[in-house]
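Biologist: Could you walk me through this one? I'd like to start with the pockets and then move on to other parts.

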Amino acid sequence: MQEEYNNDQQNEFDNEKLDNSNNLIQMIWQAIADPKSYRDFFDLSKKRFKRFMAIVLFLVTLMVVGLQIIVFIVNVGGFRNFFKNKMPPFEVKNGQIISEGNFDIKMGEFRILFDPSEDSISASKLKDGYTYITIGRSRVNILTQGANGRYFSTFSQSVSSFLPNGLNNSKLVSMTPMIYIGLILSFIIRMLLFFLKYWILSFIYGFYARGLNLATGNIHSDQEITRLCLVSQTLGIFLVNINKAIGTPLPGFIVSIVGIFLTLRRISLYFSNYIGDKGMTPEA
């Protein structure tokens with residue numbers, strides 16, 4: 001009897017996990033395709049809403065950064081193999097990188113150029129939209145492309161300031177576990193930056209949503225408006241970042257404008273439940 005009771009408990013637990021999984025997929029689809037039912041998101045507990053947002057941001061970060069890094073790691077047979085067998089032999093001596101080889105690799109939205117034949121790699125050579133990490137003989141730079149198409153430096157340090165003398169391929173091999181930990185932390189930080197970006201955008205969209213809310217008699221609280229503005233961005237978030245993940249076949253600026261339009265459209269569609277001829281009122 002006790003065994004049957006335990007089995008029933010286990011079955012209920014498994015069913016609950018399955019239902020949660022189905023609900024999560026359903027919520028993502030609802031956020032993308034069914035703005036008139038966004039009220040369902042207001043009824044979620046804080047824990048479930050945070051979990052929904054975390055999954056959306058995880059998928060976005062995976063698209064933009066994670067997948068291509070994973071593909072790179074698989075292609076080179078792991079960082080240990082890359083440092084040992086594929087990276088040109090090098091050593092840091094007297095604050096400079098001594099090597100006769102070079103490489104050019106892509107990892108997600110980053111591109112790493114290593115060319116110790118130059119003291120510092122010129123930004124004039126960069127032109128394809130990646131965020132570049134350039135490693136010259138004496139200087140390391142991180143360069144990002146601005147709106148005018150030109151690259152500008154967001155980080156520039158001499159090799160001697162953060163690469164110790166004596167660093168070589170063998171020592172990088174021994175540091176491989178720390179590099180993987182660093183990638184995981186970078187992934188989490190990128191997720192948090194995405195959340196910060198879309199939370200700030202939700203504040204901006206909130207001015208529009210609050211105007212419509214006022215027209216309907218202030219039927220929603222500030223917390224519900226914030227949730228509405230976060231959820232309504234889901235389709236735009238995916239479109240903008242899928243475009244980035246596949247190498248921006250469409251101009252990023254145009255896709256961003258489309259994303260803004262889609263978000264405002266979804267907010268309007270939601271409030272159409274309460275405005276106009278339908279005369280609907282919020283459910284109790």
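**Pockets, sheet and helices**

Modeller: This is a predicted model, and in it helix 6 gives the most to the lining of the largest pocket, with 10 residues.

Biologist: What volume does that largest pocket have?

Modeller: The largest pocket has a volume of about 1,400 Å³. Of the 37 residues that line it, Met107, Ile112, Ile133, Ile179 and Leu183 are the closest to its centre.

Biologist: Which elements give two or more residues to that lining?

Modeller: They are helix 3 (46–75), helix 4 (79–86), strand 3, strand 4 (110–114), strand 5 (131–135), strand 6 and helix 6, which spans 176–215.

Biologist: And how does the lining divide by class?

Modeller: The lining of the largest pocket has 33 nonpolar residues, together with 3 polar and 1 charged.

Biologist: What about the second largest pocket, which residues lie nearest its centre?

Modeller: That pocket has a volume of about 1,100 Å³. Its lining is made up of 37 residues, and Lys197, Val240, Lys244, Gly252 and Ser256 lie nearest the centre. Two or more residues each come from helix 3, strand 6, helix 6, helix 8 (234–245) and helix 9 (252–271).

Biologist: How many of its lining residues are nonpolar, polar and charged?

Modeller: For the second largest pocket, the lining has 17 nonpolar, 15 polar and 5 charged residues.

Biologist: Switching topic, what is the strand order in the open sheet?

Modeller: The open sheet has 5 strands in the order 3-4-5-6-7, and the pairing is mixed. Strand 3 (103–107) and strand 7 (151–158) are the edge strands, each pairing on one side only. From one strand to the next, the twist averages 15°.

Biologist: Do strands 6 and 7 run parallel or antiparallel?

Modeller: Strand 6, residues 139–145, and strand 7 run antiparallel and are joined by 7 bridges. Gln145 stands opposite Tyr151 in strand 7.

Biologist: Back to the helices, at what angle do helix 6 and helix 7 pack?

Modeller: Two packed helices are described by the angle between their axes and the distance between the axes. Here helix 6 and helix 7 (residues 222–231) pack at an angle of about 115°, with their axes 8 Å apart, and the crossing of helix 6 and helix 7 is right-handed.

Biologist: Which residues meet there?

Modeller: From helix 6 they include Tyr198, Trp199, Tyr205 and Arg210, and these belong to a group that meets residues of helix 7, among them Asp222, Ile225, Leu228 and Cys229. The residues of this contact divide into 8 nonpolar, 4 polar and 2 charged.

Terms used
Residues are numbered from 1 along each chain as its sequence is written. This is a predicted model: local features need pLDDT of at least 70, side-chain atom pairs count only at pLDDT 80 or more; totals for chains, interfaces and linings use all residues. Side-chain values use heavy atoms; hydrogens and water are left out. Two strands pair if DSSP finds at least two bridges between them. Helices (H or I, at least four residues) and strands (E, at least two) are DSSP runs, numbered from the N terminus. Axes are lines fitted to C-alpha atoms, for helices over the stretch in contact, and angles run from 0 to 180 degrees between N-to-C directions. On a 1 Å grid over the protein atoms alone, a cavity is a set of points where a 1.4 Å probe fits but cannot get out, and a pocket is an open set with protein on both sides within 12 Å along at least five of seven lines; lining residues have an atom within 4 Å of a point. Grid points are joined across faces, edges and corners, and a volume is the space filled by probe spheres set on the points. Ala, Val, Leu, Ile, Met, Phe, Trp, Tyr, Cys and Pro count as nonpolar, Asp, Glu, Lys and Arg as charged, and the others, Gly among them, as polar. A crossing is left-handed if the near helix is turned anticlockwise from the far one by less than a right angle, and right-handed if clockwise. Contact means heavy atoms within 4.5 Å.
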